[in-house]
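Q: Hi! Could you walk me through this model before I set anything up?

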Amino acid sequence: MAIHKTQRGKPLQRPPSRSSILIILTATVGCIAVFYIASSFSSTKGFFYSITETSIQSSNARNHRDSEKYLYWGNRIDCPGKHCESCEGLGHQESSLRCALEEAMYLQRTLVMPSRMCINPIHNKKGILHQSNDASSEERWAASSCAMDSLYDLDLISGTVPVILDNSKEWHRVLLTSMKLGSRGIANVQGVSREDLGSKSSYSNILLINRTASHLSWFMECKDRNNRNAILLSYSFLPSMASKKLRNAAEKIKVLLGDYDAIHVRRGDKLKTRKDRFGVVRSLHPHLDRDTRPEFISCRIAKWVPPGRTLFIASNERTPGFFAPLASRYKLAYASNYSSILDPVVENNYQLFMVERVIMTGARTFIKTFKVDDNDLSLTDDPKKNTKAWQIPVYTLDIREC
Ligand SMILES: *[C@@H]1O[C@H](CO)[C@@H](O)[C@H](O)[C@H]1NC(C)=O
Ligand SMILES: *[C@@H]1O[C@H](CO)[C@@H](O)[C@H](O)[C@H]1NC(C)=O
């Protein structure tokens with residue numbers, strides 16, 4: 001009441017200011033109202049906006065999935081041998097997987113990847129193989145294979161080529177949908193070229209292309225690699241897609257190594273020899289055994305790696321201390337020096353090699369066994385590819401050669 005009186009009193013005493021007070025009051029009330037309405041409106045708008053956005057996003061995702069088309073090459077990478085019982089090393093299978101990924105990129109389809117990768121027993125020292133003759137072929141497969149997502153980060157791969165695994169819910173949904181769609185559901189193709197799959201309208205609307213790739217090696221479908229335009233993914237693509245666990249382990253080891261150089265020394269499988277009809281030993285890589293021995297490595301790399309450097313060695317050579325002579329010039333490091341980091345995450349040699357590759361990529365100077373690209377440094381001048389020429393191994397070296 002008192003306030004009312006005073007308010008009323010003032011305007012009565014000073015009529016001219018009454019209107020100004022009214023204006024101020026009106027303006028204030030107006031401002032508050034505008035502010036209130038605006039804030040409530042904006043929050044309401046924000047509320048609606050976020051709902052709309054979410055529904056747009058989810059319907060996008062749904063549309064995306066509804067319009068998604070798939071490419072399936074089979075449930076195993078390669079299938080050599082009569083009953084797919086053997087398999088090649090990681091690099092070989094990666095060439096095949098890369099070939100399938102390139103086709104998926106070319107066709108703008110999601111690749112359905114095998115959920116497991118076969119492990120060649122000679123590439124596995126961890127001894128998880130317990131082959132018994134009464135085990136079914138499926139059981140043997142489970143024992144001699146590892147989960148694809150324990151090797152690769154599928155989300156990372158999907159950033160470049162969308163992929164799903166053939167044990168995923170999405171794959172089962174695709175199979176169900178393909179059955180419901182009838183003739184538009186699935187096309188089983190064999191011996192159809194990538195270009196035809198891409199250009200013929202009879203394939204473009206089909207949900208799932210089931211391509212029967214070369215049984216021996218999927219990469220036979222990518223014979224065109226000499227044609228540089230046909231290459232959509234580089235050799236380094238899959239090695240850089242290692243699973244998070246493996247990448248983390250490699251990063252920890254890289255930190256411990258500090259500033260280092262690296263060599264990859266392929267012996268083992270590549271040293272294979274056979275005797276010709278005169279009983280003379282021959283090899284497909286006649287200088288490899290020599291060039292991958294420590295004295296020759298030391299001679300060859302001296303011009304690239306100064307003494308005193310930390311040298312990380314990745315090799316399939318299993319003779320203990322084989323590379324020890326290199327210690328007179330370099331501080332040697334192997335994956336085995338970091339078993340406390342690796343043992344908890346590495347279950348087989350494929351995973352170990354994935355970690356080693358990430359470490360080698362981080363080296364200041366990296367020397368491969370064979371030269372692959374023009375800029376590569378290599379331990380040997382023998383070509384990597386199979387020349388089919390079995391030659392007599394060479395063990396001598398003119399010192400001026402290195
Ligand atoms: C794909 O085609 C092969 C060969 O025709 C067939 O054996 C296999 O069952 C097919 N896979 C699917 C998922 O339809
Ligand atoms: C790695 O282990 C070897 C012995 O196997 C040792 O000679 C070498 O000094 C170790 N390297 C590092 C970097 O710890």
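Q: Great, what should I know about how to read it?
A: This is a predicted model, where local features need pLDDT of at least 70, side-chain atom pairs count only at pLDDT 80 or more, and totals for chains, interfaces and linings use all residues. Residues are numbered from 1 along each chain as its sequence is written, while chains are lettered from A and ligands numbered from 1 in the order in which they are written.

Q: How many helices and strands does the protein have?
A: There are 14 helices and 14 strands. These are DSSP runs numbered from the N terminus, with helices being H or I of at least four residues and strands being E of at least two.

Q: And what share of the residues is buried?
A: Buried residues account for 26% of the 402 residues. Buried here means 20 or more other C-beta atoms within 10 Å of the residue's own; 12 or fewer is exposed, anything in between is partly exposed, and C-beta atoms are placed from the backbone.

Q: Ligands next. Which residues are around ligand 1?
A: Tyr72, Ile186, Asn188, Asn210 and Thr212, where being near a molecule means a C-beta atom, placed from the backbone, within 6 Å of it. Strand S6 (186-190) and strand S7 (208-212) each supply at least two residues of that shell.

Q: How does that shell divide into nonpolar, polar and charged?
A: It has 2 nonpolar, 3 polar and no charged residues. For the classes, Ala, Val, Leu, Ile, Met, Phe, Trp, Tyr, Cys and Pro count as nonpolar, Asp, Glu, Lys and Arg as charged, and the others, Gly among them, as polar.

Q: What surrounds ligand 2?
A: Lys331, Leu332, Ala333, Tyr334 and Asn337. That shell divides into 3 nonpolar, 1 polar and 1 charged.

Q: Switching to the core: how many residues are in the largest nonpolar one?
A: It has 70 residues, and those with the most contacts inside it are Leu111, Ile263, Phe312 and Val355. A nonpolar core is a set of buried Ala, Val, Leu, Ile, Met, Phe, Trp, Tyr and Cys residues joined through C-beta atoms within 7 Å. Helix H14 (residues 349-361) gives the largest share of this core, 8 residues.

Q: What does Val355 touch?
A: Leaving out residues up to four places away in sequence, Val355 touches Leu246, Ala249, Ala250, Ala335, Leu342 and Val346. Contact means C-beta atoms, placed from the backbone, within 7 Å.

Q: Now the open sheet with 5 strands: what's the order?
A: S12-S11-S8-S13-S14, with parallel pairing; two strands pair if DSSP finds at least two bridges between them. Strand S12 (331-333) and strand S14 (377-378) stand at the edges with a single partner strand each, so one side of each is left without a neighbour in the sheet.

Q: How many bridges join S8 and S11?
A: Strand S8 (residues 260-265) and strand S11 (residues 310-315) pair over 6 bridges, with Phe312 in S11 as the bridge partner of Ala262. Another 3 bridges join S11 to S12, where Leu311 stands opposite Leu332.

Q: Last one: what's up with phi of Gln108?
A: Phi is near 55° there, a positive value in a residue other than glycine. Gln108 sits in the loop between helix H3 (90-107) and strand S2 (110-113).

Q: And where is Pro383?
A: Pro383 is in the segment after S14, and its C-alpha atom is separated by 7.2 Å from that of Lys371, 12 residues apart along the chain.

Conventions. Two residues are in contact if their C-beta atoms, placed from the backbone, lie within 7 Å.
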